[in-house]
Amino acid sequence: MQPNFQRQNLESYKKDMIQLRTMLKVADNTGAKMVQCIQVIGGSTRKYGELGDIVVVAVKKAEPRKIVKTHEVTRAVIVRQREAYRRKDGSYIRFDENAVVILDAQTKNPKGGRIFGPIPRELKEKGFDGIIALASEVI
């Protein structure tokens with residue numbers, strides 16, 4: 001049975017979780033512009049990913065003559081999500097878009113040399129120090 005929501009509360013009920021087939025923007029200079037999530041790393045039954053989770057992505061749009069090519073399958077870490085993320089202090093953080101940073105094959109280091117846009121500090125706690133070092137804005 002669906003809960004009875006008023007019209008203004010309907011937007012907060014809508015979920016924007018990152019799951020299979022979610023289209024994500026790329027927040028680095030590897031050349032990829034748009035990727036599609038094809039697997040959330042962490043078990044065969046894991047459905048959703050959140051900030052700091054590693055996902056397997058397929059590149060859908062890319063710039064020519066860059067590091068990453070169209071149709072390439074690679075790993076990426078989620079750096080921004082539209083769904084509100086609860087921090088340990090009880091506050092919530094959310095962004096205007098879902099975005100990832102493309103990673104090297106088996107390491108937690110970014111493949112690109114620049115990171116665009118704000119990056120949450122939760123990535124440092126999860127071991128992505130290379131991304132934090134390249135980010136211009138950490139919130």
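Predicted model: local features only at pLDDT ≥ 70, side-chain atom pairs only at ≥ 80, totals over all residues.
Helices, of at least four residues, and strands, of at least two, are taken here as DSSP runs and numbered from the N terminus.

Let me begin with the overall layout. The protein chain holds three helices and nine strands. Read from the N terminus, the order of these elements is α-β-β-β-β-β-β-β-β-α-α-β. The chain has 139 residues, of which 38% count as buried.

Strand S1 covers residues 23-26, and strand S2 covers residues 32-40. These two run antiparallel and are joined by three bridges. Within that pairing, Leu24 stands opposite Val35 of S2. S1 and S2 make a hairpin, with five residues lying between the two strands. In the turn of this hairpin, Gly31 shows a positive phi of about 110°.

S2 also has a partner in strand S3, residues 54-62. Here too the pairing is antiparallel, and it extends over seven bridges. As an example of the contacts, Ala32 has Ala62 in S3 as its bridge partner.

Is Leu20 buried or exposed? Exposed is the answer, because its relative accessibility is 55% and the threshold for that class is over 50%. Leu20, together with Ile38 and Val73, makes a nonpolar surface patch of about 270 Å².

His71, a residue other than glycine, has a phi near 75°. His71 belongs to the loop between S3 and strand S4, the latter being residues 73-80. With a relative accessible area of 68%, His71 is exposed.

We come to the charged side chains. In general, side chains of opposite charge can pair when their charged atoms come close. How many salt bridges does the model contain? The count comes to nine salt bridges.

One of them is formed by Glu97 and Lys25, whose closest N and O atoms are 3.4 Å apart. Glu97 lies in the loop between strand S6 (92-93) and strand S7 (99-102), while Lys25 lies in strand S1, so the pair ties together parts that are 72 residues apart in sequence. Glu97 is partly exposed, at a relative accessible area of 23%. Lys25 is likewise partly exposed, its relative accessible area being 40%.

A further salt bridge brings together the side chains of Lys111 and Glu72, at 3.8 Å from N to O. Since Lys111 lies in the loop between S7 and strand S8 (115-119) and Glu72 in the loop between S3 and S4, this pair ties together parts that are 39 residues apart in sequence. Lys111 counts as partly exposed, with 26% relative accessibility. Glu72 counts as partly exposed too, with 25%.

Lys124 and Asp129 also meet through their side chains in a salt bridge, with an N to O distance of 3.5 Å. Asp129 is partly exposed, having a relative accessible area of 41%. Salt bridges that share partners, moreover, join Lys25, Arg80 and Glu97 into one network.

A word on the aromatic rings. The count of aromatic pairs comes to zero.

Is Ala133 buried or exposed? Ala133 is exposed, because its relative accessible area is 64%. Between the C-alpha atoms of Ala133 and Ile115 the separation is 9.3 Å, and the two residues are 18 residues apart along the chain.

Thank you for your attention.

Conventions:
Residues numbered from 1 in each chain as written. Heavy atoms only, no water. Patch = residues over 30% accessible without salt bridge, like charges linked within 9 Å, V, L, I, M, F, W, Y side chains within 5 Å. Areas by Shrake-Rupley, 256 points an atom, 1.4 Å probe, with all protein chains shown as cover. Salt bridge = Lys/Arg side-chain N within 4 Å of Asp/Glu carboxyl O. Buried < 20%, exposed > 50% of the residue type's maximum accessible area, 1.4 Å probe, protein only. Pairing = 2+ DSSP bridges. Phe/Tyr/Trp six-rings, centres within 6.5 Å; stacked < 30°, edge-to-face > 60°.
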